[in-house]
Amino acid sequence: MSSPILSVENLVVSYHLQNEWLDAVRDVSLDVLPGQTYGLVGESGSGKSTLVQAIMRYLGANGAVRSGTIRLDGDNLLSKTPPQMRDVWGSKMSMVPQDPLSSLNPSLRVGEQIAEISRRHEGLSQRQAWQRAIQALSQVRIADAEEVARRYPHQLSGGMQQRVVIAMALSTSPRLLVLDEPTTSLDVTTEAAILDLFDELLHKNQSATLFVTHNLGVVARMCDRVAVLYASELMEDAPVSELFHHSLHPYTLSLLECVPRIGQGKRDIRLRAIPGQIPSLRNAPPACVFAPRCPVALEICHRVKPPLEEAAPGHCVKCHRWREIADGSLRLEDGQVEAAIPGNGRNGKRAPAPLLTIENLRVQFESGGLLNRLFRGDGTVKAVDDVSLDVPRGYTVGLVGESGSGKTSLARSVIGLVDTTSGKIELLGVELHGRPGQRNREVLRQLQMVFQHPEESLNPYHTIGETLRRPLMRLAGQSKAVAESNVGALLDAVHLPRDYASRYPNELSGGEKQRVAIARAFAAQPELIVCDEPVSSLDVSVQASILNLLAELQHERQTAYLFISHDLAVVGYLADIIAVIYLGQLVEVGSAKGFFEPPHHPYTEALLSSIPVPDPDAQRERIHLEGDVPSAVNIPSGCRFHTRCPRFLGQICVEQEPPWRTDEHGRQYRCHIPVDELRAAQNDPTNVPHRAEIPSLHPVERGGRG
Amino acid sequence: MPYVARRFLFFLLTLWITSILIFVATNLLPGDVAGVILGRDATEEARVALRHELGLDQPLLNQYVNWLTRFVQGDWGRSYSLRTAIQPVVLERLRNSLRLALVAVLFSVPPAILLGVIAGLNENKPIDVIISVGSLILVGLPEFVVGIVLINVVALRWRLLPASSAVASDASFGEVLPQLIMPAITVAVVMLAYIGRLTRIGVIGEMRRNYVRTATLKGLPHWQVIFKHVLRNALLPTITVIAISLGWLIGGLVVIENVFSYPGLGRLLIYAIGNRDLPLIQAVTMISVTAFASANLLADVVYSYLNPRIRLQ
């Protein structure tokens, strides 16, 4: 076996906080071999960012490596001075950060930002370095690299910015590449293209890659070996197929089961939520760090820290009970799969009368400020363009779309936060008008919402009790005393202790805050709750418990949801009806049961094929979409998806708006290809359009102005 | 339409609206112009005749249109109190104000930026505290106090520089330079703290941005990270504020010009108001407003040039 490129041994990294040292990485060892992609998985607070910063020798001012070693090609990094590190950074190790836009200098041309690296490390001249930068950009499949090199970061799309950052990291062929959540901020179709690009570019000269992510699907797709971190410690470290098929740690096993898989619904399975939350640095459990949340913890787990043991060659695990898990005598679940709510789908039944009716809704914005509008006619952004959608009573309608699809504008117009340009929104036959302040109390009571960021939607100066009392008094018309007594019942309903009523939001974790936001939404017994990405800012283990809670509460109270998300698996889990939106228009609407079987609108098909599946053996052909989502100012003619459609027919798609087509199960999609033809094409595994090619990204004019 | 052209139209619009405000405001001032010119003993017939001659008996709108047309053509009228054409007087004062502004900028901007960058790069370290506290003490001093102390110490006690800055109207820039130094230092004391604090905040804010980490992890030398990456962005607000403050330096230094008896626009305005010289007030205010508006235009153009996010929307 060749010697490792990166070797971390018994590393302890601590932060100095209020006169004490708190460990953020405790006794972690790992070796990354040449040609290997090593996954580092963990939720927020697991210590994975600290570990990466320590490896990069870029810890914050109050952080320090307290013991252990970090070697790069046998060279001890910890003994290097900052000036010595400058010879390592950018030449022997480089990093692709999470958020490409903020990681690029807004005032420098992207070509220069790449070129300065080879000038620094390879002594190239100005002109040679510029040529090298253009090469690097072509290498990441950017078409017209010379033109792109002269642009500034804000003139590029998110996917293009990420390619620039990757080109930057690879331009000097470093020995170690650290990818820090490189696709987390991207849409799923863009992510798919970037992951394929990594397949092609990584390990060209037997270099090593450390891939940090919280997404198990991405790990399964990309990595050879995976380390799972939890609360500063290494829980399990194994080859990727071992980890996904024969995990020996209760934490890994729980993580694998708390994300919904494509096609799993709330009537099939109850997600395995991990109770509680990751302990803070200050309150790290003394023995096994996972014991307080572990479903199979024994008395010894709270008393003695388990050693990291090699259970099989190359498979290390830190658990007292791994032998029982390995021989099958201990299982996390009792063998039977429990559904979150009973019933077997609503496919057969006729849907009840609609609660919310959206008819031919259009939402348009004028782009640019006052000055721009005075002196030049700017384009109109058509955020929502002729959408009609019904939400039946007690149903969940999931609305899926990528960024810029108009899903949030649609939700905001229902709530009354943006003005509608034309069309009608009716709740129980009453037309909704105006801003929330102008709507009458009954409408406000019937229509509630849950937002993405609970910390921003709870008033930090109100206790939880006050927050929950307000809708009870103002909307349900209860007296203060009655409302007071109902607060406890509300907290029970969202599984929070009753004494939380006297706490303030900053004393709660993210998941707990979202529970409070849900309790507030349910307080006045609404008919409809608009949920705008309610779980996307939460860790996966917490996300599962919120999804279970939403399913449970809906089943008890028959409240309808309009559930907005970019995550098809999450929508697929919770929804009864799924609607897919692209550039302001619905392209597909249908019952969630059987939604994941063809025929699909070609856009839905591409979305589905892009989702990374948490199974390393899944061999799937991905469909690549050409280019970026067009600007909502200049919407393409005919079918608005024709510029990127992998099943593009020809002139008809450019010239004519496609008709709605309905399959025999009542699912509707908007495409020129008839039902039978589309189904046959999508069921044929040899007929995957554009499968081999990673599409080149062409620069487009951004923003449509100037 | 390109950004600069749009911005220029906005500049003209600003000037037009202020011209209306200035005209209306000066006409609302109490007192009869003909009476002021002719003195208390003039007959009613003489006043009526003069009002007719000056066009003061016409409707206000006509008066405004006539005034604006002539003003744009360069005919700024005659001063009642100086009994000369206004334009040469105002232009000479404007030249004096520009000279003082230039010297003041040279005295204040380089040290302010230098101190601000040093303070920002050493956030909360002793050097930062010394610079920050020192500049705050300076900015707390009223400008006439600084001016008088300078006159007493530098001019009267040490006899290094002349105490009065009352320059001759035909003196060259080289000749007046010694007389400009003390007023310029007084201005610099005020601007130093302001610009220095702004620079410090800019540097601190930019140092926390992710692209600084990217630049550092490229292995670039520390000075290159600072000069090439950080300052390019950190100094944007500072440069804008410097450009805007040019307007104040040209048209707003009333107190300092008075302390040093410097013949700038500010003193001329005080004189015009003291003598109820309406045409002179109108001309000086219009020129001051033009200076402020030009400074703002300059600030926006410079900012858009330095900031590709504005230039290349």
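The model is a predicted one, in which local features need pLDDT of at least 70 and side-chain atom pairs count only at pLDDT 80 or more, while totals for chains, interfaces and linings use all residues. Residues are numbered from 1 along each chain as its sequence is written, and chains are lettered from A and ligands numbered from 1 in the order in which they are written.

Helix α19 of chain A covers residues 510-523; helices (H or I, at least four residues) and strands (E, at least two) are DSSP runs, numbered from the N terminus. From its first C-alpha to its last, this helix of 14 residues reaches 20 Å, close to the 20 Å expected at 1.5 Å a residue, where the expected span is 1.5 Å times one less than the number of residues. Of the 14 residues of α19(A), 13 are buried, so the helix is largely enclosed by the rest of the structure. Here a residue is buried if 20 or more other C-beta atoms lie within 10 Å of its own, exposed if 12 or fewer, and partly exposed in between, with C-beta atoms placed from the backbone.

Burial is also the theme in strand β7 of chain A (residues 176-180), where five of five residues are buried. On one side of β7(A) lie L176(A), V178(A) and D180(A), on the other L177(A) and L179(A), and both faces are covered. The strand has partners in β6(A) (residues 93-96), parallel over four bridges, and in β8(A) (residues 208-213), parallel over five bridges; two strands pair if DSSP finds at least two bridges between them. Within these pairings, L179(A) stands opposite V96(A), and L177(A) has T209(A) as its bridge partner in β8(A). Helix α8(A) (residues 188-201) carries the chain from β7(A) to β8(A) in a right-handed β-α-β crossover, meaning that, with the strands pointing away from the viewer, the path from the first strand over the helix to the second runs clockwise.

The largest nonpolar core holds 264 residues, and L137(A) and L562(A) have the most contacts inside it. Such a core is a set of buried Ala, Val, Leu, Ile, Met, Phe, Trp, Tyr and Cys residues joined through C-beta atoms within 7 Å. Helix α5 of chain B (residues 86-121) contributes the largest share of this core, 14 residues. A second, separate core of seven residues includes L248(A), A311(A), W322(A) and I325(A). Leaving aside residues up to four places away in sequence, L137(A) touches residues including I142(A), A145(A), V164(A) and A167(A); contact requires C-beta atoms, placed from the backbone, within 7 Å.

Chain B has 15 helices and zero strands, and its C-alpha trace spans about 85 × 60 × 30 Å along its principal axes. Of its 313 residues, 35% are buried. Its mean pLDDT, the predictor's confidence in each residue from 0 to 100, is 88, and 99% of its residues reach 70 or more. Confidence in chain B is lowest in helix α2(B) (residues 33-38), at a mean of 74, and highest in helix α9(B) (residues 210-216), at 95.

Where the two chains meet, the contact takes 31 residues from chain A and 23 residues from chain B. On the side of chain A that touches chain B, α4(A) gives the most, with four residues. For the complex, the predictor gives an ipTM of 0.84 and a pTM of 0.85.
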